[in-house]
Amino acid sequence: MEQKPSRRVFLSVAAAGVGGLLLTGAGLGPSRIPSRTLARDPFTLGIASGDPSQDGVVLWTRLALDPLGSNGRGGMPVRDVDVEWQLATDERFSKVVREGTESARWKRAHSVHVEIDGLEPGREYFYRFRAEGHLSPTGRTRTAPSAMSAVSAVSAVSSASSTSSLTFAVAACAHYEHGFYTAYRRLAEQDPELVVHLGDYMYEYAPQGYTALGGSVRQHTGGKCATLADYRMRHAQYKSDPDLQAAHAVAPWLVAFDDHEIENNWAGDVSSSGAPAFARRRANAFQAYYENMPLRRTSVPGGASMRVHRRVDWGPLARFHLLDTRQFRDDQACEDGLRSGCDDRLATGRTLLGEDQRRWLLDGLESSDARWNLVGQQILMAQRDSKVGPGTEVNMDSWDGYAAERTRLLTGFRDSGASNPVVLTGDAHMHHAADLRLDFDDPDSPRVAVELVTSSIASDGDGYRDEGRIAETVAENPHISYLDQRRGYIVCRVTPEELHADFRTLDYISRRGAPAKTGARFTVPSGHAALT
């Protein structure tokens, strides 16, 4: 049913032109600004939306007067702040369909998560916030299409998209020190309907703790993240970037963490650095992650645990299955890193997803009626042998370190009967396009899915194309069709007939302004688990 717009319209104090008053709409009269006001703009970390459903979405902001305040509170007073919000069908907010007030609690770093439902499926909305006289920028979001294959007449007229296609971007790995976030800006300019971010949104290292080949172009504040204040401040530093803010404002996001939101290569309860009190550190990192992401309350952390694996349906066209490849895994085999001759990685009892999550994923695939099943996860699933010639050298942190479970999972993909499984991956800092086979060492083994791996937004600095190394890697791994070491992201357009994937690349990020171009384009026809 079409929502009747509210008569109330937000206007900033400056726009209202009435000192100390905020006009609230014709005939409604003025309302006094609260006696306690924030001294300056608290929306320095931007706004965001996420986890859309067919009738709702999450709106997010976090108030901060001084984002890099050393106590992690963003320079905010130690009190709760009322934040008003609006959702409209137009950028001018002349047709407001939802509005309300949420408390930005100081104990939650003045973050706000507004979960809205009862909206019209498959349409575009605009949103904004106001806090103590200050108005936020405007963001654009959208609901997912209806699960029904037909679109109602009202939706067909008013929706900015339909059930027949979806354009979404895939991004990951944005080390702040390694380069500018030009890739986020270029991503926003492509006007996606949805952004899927697959982890390493921020990095925990102290300044210069992990350097790119070309050095750093800017510097982390504070030291290595361990306390809640550390993680809050680091998120605030990243969130302050205008290019990242632009990417958040253009579309709703689906997010899932990888390792660096907590610590490099952590695995379950095991700290890769042997850090003491790792459970406390995980709890700090999870709380800060939730506070800074547009997540639903189902992801509110419970101490050192947090649920991020979930499903998001996009009408009958697509189902996104988001995975957690950190919390439930066994420790990396053979002391982690690139290893040859590591038999432990082949052990049948080793798990990366954990039994419950693996069963959850396969159940979701078996029950899915979607045309495309898009599995968002963090680490390279395809086998990648880095050793030229006889023998094998693989990364213990990737699925190569959990080979038996990978075979069980891909067998489950095949046996589930799910239509068109496509794995979306981050972490690798270089683009990959690969076929996923039951046996990667047998070129005649059945293909069961394809994998699209995005390069990094910034991590490892300016990229390059080492044509010799690429040729060697593809020769050793014939199931891999494409590699590119430049920075970038992927833009996918999905229809019932096919999925198009554009691997977007930037030649440099050590200075601003790089254009993005398409390094490669692949098509996956519906019903064919193969790249063309």
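Okay, let's start with the rings: there are 19 aromatic pairs in this structure, where Phe, Tyr and Trp rings (the six-membered one for Trp) pair if their centres lie within 6.5 Å, with planes under 30 degrees apart called stacked, over 60 edge-to-face, and the rest tilted. Take Tyr482 and Phe522: the ring centres are 6.0 Å apart and the planes sit at 50°, so this one is tilted. Tyr482 is in strand S22 and Phe522 in strand S25, residues 517-525, so the pair ties together parts 40 residues apart in sequence.

Quick housekeeping. This is a predicted model, so to speak of local features we need pLDDT of at least 70, and side-chain atom pairs count only at pLDDT 80 or more, while totals for chains, interfaces and linings use all residues. Numbering runs from 1 along each chain as its sequence is written, and side-chain values use heavy atoms, leaving out hydrogens and water. Helices (H or I, at least four residues) and strands (E, at least two) are DSSP runs, numbered from the N terminus.

Now the sheet. It's open, seven strands, mixed pairing, in the order S14-S15-S17-S19-S21-S20-S22; strands pair if DSSP finds at least two bridges between them. S14 (310-314) and S22 (480-484) are at the edges with a single partner strand each, so one side of each has no neighbour in the sheet. From one strand to the next, the twist averages 20°. Inside, S19 (421-425) and S21 (447-453) run parallel over four bridges, and Thr425 stands opposite Val453 in S21.

What packs on the sheet? Helix H7, residues 355-366, touches S14, S15 and S17, and its direction makes about 175° with that of S15. Helix H8, residues 403-416, touches S17, S19, S20 and S21, at about 115° to S21. Contact here is heavy atoms within 4.5 Å, and the axes are lines fitted to C-alpha atoms, for helices over the stretch in contact, with angles from 0 to 180 degrees between N-to-C directions.

Last, pockets: open sets of points on a 1 Å grid over the protein atoms alone, where a 1.4 Å probe fits, with protein on both sides within 12 Å along at least five of seven lines; lining residues have an atom within 4 Å of a point.

Pro52, Ser53, Arg311, Val312 and Asp313 are closest to its centre, out of 20 lining residues. Which strand gives the largest share of that lining? That's S14, with four residues.
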